[in-house]
Structure formats: structure tokens, C-alpha cells
Amino acid sequence: ESKQELKGKTILITAGPTKEIIDPVRYLTNRSSGKMGYALAEEAVKMGAQVILVSGDVGLKIPDQVVHVPIVSAQDMFEAVMKNYKHADIVIKSAAVADYRPKEVFSQKMKKKEGNLVIELERTKDILKELGLKQDKPYLVGFAAETEKVDEYAWGKLERKNADMIVANDVSKEGAGFAGDTNIVTMYKKNHTKRALPLLSKNETAKAILDEVIQEIKKSDQV
Ligand code: PMT
């Protein structure tokens, strides 16, 4: 039986990929399955938290007792997070958000033409960074999906996005990152310490991340 250590806390979790519409039959997306974020939602509920899960339809069951806010694009996710973060004590951004979207969305199916096609892309808003700038910012956990220089990029993200913790996964490692049922993560914290977890199921990884967040919040409540 869990100790209900998150009782009375609200956690907002983002999960899965975003889809950036090109035309009525096409979109840009990525390899995220939503499993990491849904595991976080499940474990947070077990620990007694109120959970708001912002994600697209990834074909996974929404865990019982979770409030699901459905989204499609990075812009939808931005709006959903900005609307809901005020109710949250903790925000965990495990979603794989598109960094770019088509500049123009076509209302009719694009027809084939001679020669190459160029689709111009524009930047999406950085949700994590925007949250990091808020006066009333909740305890903020970002993820980092990297294929090289994991340490350097994770410390950089912690700093630049003013997050309280970055959970990095080296997605080039067997058993880590997208789609599978396991992950290998390292948690990077504000006090410049890091903690590496071994290969674990996504649920075990989620539990360990939440335990770490609880410890950190307890520490900061004491000062
Ligand atoms: O869903 P699964 O198949 O289980 O896979 C899990 C996962 C690999 C997707 C997950 O563990 C993970 O690493 N999620 C973050 C993926 C990602 O987009 O990382 P990033 O390094 O590009 O982004 C850094 C952080 O900024 C992330 O917290 C991301 O949510 C956030 N971000 C990124 C872009 C943007 N426009 N807004 C954001 O908030």
C-alpha cells in the first residue's frame, strides 16, 4: 500500500507527441507513445495526487481518477497548460512537443505537383520555458530527450528553462526513451546534483521520479 505522499497535491502532467497539421490528411509528429507520461499519471494517482493529464489520443487508457485534457498540437498543449498550471503544485512535462509546425495549414488536401515540395516551418512556443518565467511557477520538472552530450544538454536546459528538475533520457540507448516499456533516466537538480536510475520499467521510473520530487519539495519547505 502506498503512503499517499501526494495527498492534497495537484500534478499536471503532459504526455505523448503533438501533431502539427499540414492539411486535412497529413501531419508532422514524433515517436512518443505517451507511455512515460501515462505511467507518471498512474503512479501519481497511487500516491494520492489529483492528476491533470494533458495529452493527445495515444490509444492508452486514461488512468482512473485522472482529469484528461485532450490536445492535438503544440499550440493546444500550450493553451491547456497555461489554463491549468495555476491549480497545480507540480508540473511534469514528459510530452514530446514539436519544436516546429507548418507555417501555413491548408484547408484542402494538397495535390501532387511536378518537382520537389518545400513546406516552411515556424517555431512553436516553448511551454516549459514559458512556465519557468511565471511568478507563481509550480515545482517544474522538464524532460530532455537527447542522443549525445546528455549531461551538458540537461544542465543547459535546467538553467535556460528555469526548471527545478530535468529528467534526461539518452534515447539512443537500448531500453531507453521512446515507445518501449522501460527507460533509463538521470535526474538533474537545481543544487547541481544528479541522480542516475538504472534500467527500469516506465512505471518504476515514474515512481522514482515522483519520490525524488517529494524529497525536493520537503527540503525546500524546510528552508
Ligand atoms: O512517450 P514515450 O514513448 O513513453 O517516450 C518518452 C519520452 C522519450 C517522450 C520522454 O521520456 C521524454 O524524453 N520526453 C521529452 C521529449 C522532448 O521533447 O524533449 P526535448 O528535449 O525536445 O524537450 C525538453 C523539454 O521541453 C521537455 O520537457 C518538453 O516537454 C519541453 N518542451 C519542448 C518543446 C516545446 N515547444 N515546449 C516544451 O515545453
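Among contacts in the chain between residues at least 6 apart in sequence, what percentage join residues at least 24 apart? I looked it up: 59% do. I count two residues as in contact if their C-beta atoms, placed from the backbone, lie within 7 Å.

I note that this is a predicted model, where local features need pLDDT of at least 70, side-chain atom pairs count only at pLDDT 80 or more, and totals for chains, interfaces and linings use all residues. I number residues from 1 along each chain as its sequence is written.

Next, the whole chain. I find five helices and 14 strands. Helices (H or I, at least four residues) and strands (E, at least two) are DSSP runs, numbered from the N terminus. The C-alpha atoms fill a box of roughly 65 × 35 × 35 Å, taken along the principal axes.

Then burial. I find that 39% of the 223 residues count as buried, which takes 20 or more other C-beta atoms within 10 Å of a residue's own, C-beta atoms being placed from the backbone.

I turned to the largest nonpolar core, which has 55 residues. Such a core is a set of buried Ala, Val, Leu, Ile, Met, Phe, Trp, Tyr and Cys residues joined through C-beta atoms within 7 Å. Ile11, Ile13 and Ala44 have the most contacts inside it. Helix 1 (residues 35–46) gives the most to this core, with six residues.

I followed Ile11. Leaving aside neighbours within four places in sequence, Ile11 is in contact with Leu6, Ala44, Ala49, Val51, Ala88, Asp89, Ile90 and Ile92.

Last, helix 5. Its buried residues include Lys202, Ile209, Leu210 and Val213.

Terms used. Buried ≥ 20, exposed ≤ 12 C-beta atoms within 10 Å, placed from the backbone.
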